[in-house]
Every structure is written in C-alpha cells, then in structure tokens.
Amino acid sequence: MNVGLLATGDSAIGNSRFEGGLGGKVYSVTVGNATVGNADVLALALGGQVRCFSATGRLLSELTLFYAPHVVTLLDGQRFFDVGVRAESS
C-alpha cells in the first residue's frame, strides 16, 4: 500500500507534451521470503515521475522512481526503491 503527494507541471517540445512531478510517498509493504519468512517495511520515499504524450495524443510513456534511504526506511527494511515504466496507446 502507498499514499503520496506529487507536485506536477507540464511543457511542450515541438508537438509533444511532457509532464513531470516531484513528491513523496509513504509505503507499507510485507515482503515474503521462503528462507527468512515475512519482513515488514515502512518507508518514506522521495522521487518523481515523467510522462510524455505523443504529438497525436494517442501514445503515452511514463517513468516513475521513488527512493527511501536507510534513515527513513523502518521496521525490517534497509532501503526502499519503487521504479515503474508504462506505455499506453489509445
């Protein structure tokens, strides 16, 4: 589960439109491991996203990245990464 807040803005280059944002998310995750068992992680991650819309508006590509270092990763976690890539066509 995660909850976040992202401040965004947009711009255009040629006929393509770009959106970008920076913000933070709070993650609560239970990770299962056959060797060790379950590990609970609570993390406050900072990061952002970049979205690109094609000139026709029919193609969207998106990249998201959030990271929490050891100091804000609690319980059983050491650090936390959340990376996402998405492509969409309409």
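Let me start at Thr 73: a polar atom of its side chain lies 2.9 Å from the backbone oxygen of Pro 69. The side chain of Thr 73 also reaches the backbone oxygen of Ala 68, at 3.2 Å. A polar contact here is a pair of N or O atoms within 3.5 Å; within protein, one must be able to donate a hydrogen and the other to accept it, and residues adjacent in sequence count only if both atoms are side-chain atoms.

A word on the source. This is a predicted model, in which local features need pLDDT of at least 70 and side-chain atom pairs count only at pLDDT 80 or more, while totals for chains, interfaces and linings use all residues. Residues are numbered from 1 along each chain as its sequence is written, and side-chain values use heavy atoms, with hydrogens and water left out.

Back to Thr 73. Thr 73 sits in strand β5, residues 73-75 (strands are DSSP runs of E, at least two residues, numbered from the N terminus). Is Thr 73 buried or exposed? Thr 73 counts as buried, at 4% relative accessibility. Buried means under 20% relative accessible area, exposed over 50%, and partly exposed in between, with a 1.4 Å probe and protein chains only. Leaving out residues up to four places away in sequence, Thr 73 touches Val 41, Leu 42, Ala 43, Ala 68, Gln 78, Arg 79 and Phe 80. Contact means heavy atoms within 4.5 Å.

Now Leu 46. Leu 46 belongs to strand β3, residues 37-53. With a relative accessible area of 60%, Leu 46 is exposed. Which residues does Leu 46 contact, aside from neighbours within four places in sequence? They are Gly 23, Gly 24, Leu 65, Phe 66 and Tyr 67. Glu 62 is 16 residues from Leu 46 in sequence, and their C-alpha atoms are 17 Å apart in space.

Next, the whole protein. There are six strands and zero helices. The radius of gyration is 16 Å, well over the 12 Å from the globule rule for 90 residues, so the protein is more spread out than a compact globule. That radius is taken over C-alpha atoms, and the rule is 2.2 Å times the number of residues to the power 0.38. Along its principal axes, the C-alpha trace spans about 50 × 25 × 15 Å.

Of the 90 residues, 23% count as buried. Among contacts with a separation of 6 or more, 42% come from residues 24 or more positions apart.

Key: Helices (H or I, at least four residues) and strands (E, at least two) are DSSP runs, numbered from the N terminus.
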